[in-house]
Amino acid sequence: MTTANLKNVSKIFPEHVAVNDISLDIADGEFVVLVGPSGCGKSTTLRMVAGLEQATSGDILIGNKRVNDVSPRDRDVAMVFQNYALYPHLSVYENLAYALRRRRVPRAEIDTRVKQAAQSIDLEDLLERRPAQLSGGQRQRVALGRAIVRQPRLFLMDEPLSNLDAKLRVQTRSEITRLQQALGVTTLYVTHDQTEAMTMGIKIVVMNNGKIQQVASPRDLYDRPANTFVAEFMGTPPMNLITCQLDNDSITPSLVADGVKIACGGEQEKSLAAAASDGALIVGFRPENATLVDDGSLADMSGKVLGIEELGHETLVMLSNASCAFTIRLPPDAGARVRPGDRLSLSLSRPKLRFFDAASGDSITLD
Ligand code: ATP
């Protein structure tokens, strides 16, 4: 087991900065999920840790030792890719044993390690089969098994579940987290899927445009996003964002936009006034932090219903007004009471409101 650290690491391809000065510490035994949209630099980061890509600048440490110039083979890491890359002509047993044979591990030890790995991921009955005789989920387990038998210091996983169907993905992701906890191997796991990141990660690293946007727990990313990118990327549906002006002229200062008037408490408003650039700021609220009110004069905002999605356990209602389009989450029975074209009045939960700088998109913390 080991730690891994990236210190000011960049990867610059000709005419393209794929990874831009990122620093990250992964503790011994930790499971860290790297998430971000396609092209944000996740795989390049992982490949630099594996040694498959040379960093342009910065230091990569595994077990407190700089490994920039160490070959992939000598870094003692095991990678699991989205395409399983199994040897089609070898049995599951031989696929698992392959890397150990190449390292001239004694035959008896190979046998023990292969059988232990097969047991831990429920492959014992499939050891004689070839990859073509396995389902997608079973092949992915073999790919995991190949990483496990090597007993590496570090697991690097690059979208290992994206070839599986939705049900199998849910099942396999809990198997991976269980296995990682049981083995205690330090793991860096890459995905573009925010739901996967939220359900698997204890520590999540959100990347965009080659830069780390925030490192936090799922709860903190959801409740306290560092900027508007994280607010919209994490959570389905995303956080609603409205650009408002700070109106200090009325008796109760408020945040206003067309169809929006959010009265602020005294102290809160003072802090916001100090933080807002040119009196403008972005207000964010999650879909579940809005409630319907009958009396429009008590509402913080209103909107016309564009569409309704009844999902069984909840109802999502899509609305718009002159300043924004937004989504709210209502109880399951709300679908029967709300119709497209209705105008709804809404009250927003004050403690759950988030504020962002209108120019930079960075979170404004009031405390
Ligand atoms: P995805 O989820 O689609 O795999 P990613 O976040 O893993 O995306 P990377 O594969 O790390 O993204 O790529 C980051 C950026 O670097 C992309 O814009 C990509 O086109 C570019 N890139 C990757 N490899 C090379 C290369 N060998 N030469 C030039 N540009 C590259």
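Me: How many helices and strands are there in the protein chain?
Reply: This is a predicted model, so treat what follows as read off computed coordinates. Going through the protein chain, you'd count nine helices and 20 strands.

Me: What share of the 367 residues in the protein chain is buried?
Reply: The C-alpha atoms fill a box of roughly 80 × 50 × 35 Å along the principal axes. The chain exposes about 17,200 Å², with carbon and sulfur atoms supplying 48% of that. As for the buried residues, they make up 50%.

Me: Among contacts between residues at least 6 apart in sequence, what percentage join residues at least 24 apart?
Reply: Here a contact is a pair of residues with heavy atoms within 4.5 Å. Take the ones in the protein chain between residues at least 6 apart, and the part joining residues at least 24 apart comes to 65%.

Me: Which element gives the largest share of the shell around the ligand?
Reply: The residues around the ligand include Phe13, His16, Pro37, Lys42, Ser43, Thr44 and Glu159. By class, the shell has four nonpolar, six polar and two charged residues. Two elements give two or more residues each, strand S2 (16-26) and helix H1 (42-50). The largest share, three residues, comes from H1.

Me: How much of the ligand's own 640 Å² of accessible area does the protein cover?
Reply: Start with the polar side-chain atoms: one of His16 sits 3.1 Å from a ligand oxygen, and one of Ser38 sits 2.6 Å from a ligand oxygen. For Ser43, a side-chain N or O atom is 2.7 Å from an oxygen of the ligand. Of the 640 Å² the ligand has on its own, the protein covers 60%.

Me: How far apart are the end C-alpha atoms of helix H5, and why does that agree with its 18 residues?
Reply: H5 runs over residues 166-183. At 1.5 Å a residue, its 18 residues should span 26 Å, so the helix agrees with expectation because its end C-alpha atoms are apart by that value, 26 Å.

Me: Is Thr327 buried or exposed?
Reply: Thr327 is in strand S18 (residues 325-330). Leaving aside neighbours within four places in sequence, its contacts are Pro237, Asn240, Pro287, Leu316, Val317 and Met318. Its relative accessible area is 15%, and the cut-off is under 20%, so Thr327 counts as buried.

Me: What is the omega of the peptide bond from Thr236 to Pro237?
Reply: Pro237 lies in the loop between helix H8 (228-233) and strand S11 (240-247). Most peptide bonds are trans. The bond from Thr236 to Pro237 is cis, with omega near -10 degrees.

Me: Where is Asn8, and what is its phi?
Reply: Most residues other than glycine have a negative phi. Asn8 isn't a glycine, yet its phi is positive. It is partly exposed, at 43% relative accessible area. Asn8 is in strand S1 (residues 4-13), and its phi is about 50 degrees.

Me: Is Asp122 buried or exposed?
Reply: Asp122 is in the loop between H3 and H4. Its phi is positive, near 60 degrees, in a residue other than glycine. The relative accessibility is 56% and the cut-off is over 50%, so Asp122 counts as exposed.

Terms used:
Residues numbered from 1 in each chain as written. Predicted model: local features only at pLDDT ≥ 70, side-chain atom pairs only at ≥ 80, totals over all residues. Heavy atoms only, no water. Near = heavy atom within 4 Å. Polar contact = N/O pair within 3.5 Å; in protein donor to acceptor, adjacent residues only side chain to side chain. Areas by Shrake-Rupley, 256 points an atom, 1.4 Å probe, with all protein chains shown as cover. Helix = DSSP H or I, 4+ residues; strand = E, 2+ residues; numbered from the N terminus. Nonpolar A, V, L, I, M, F, W, Y, C, P; charged D, E, K, R; others polar. Expected span 1.5 Å × (residues − 1). Buried < 20%, exposed > 50% of the residue type's maximum accessible area, 1.4 Å probe, protein only.
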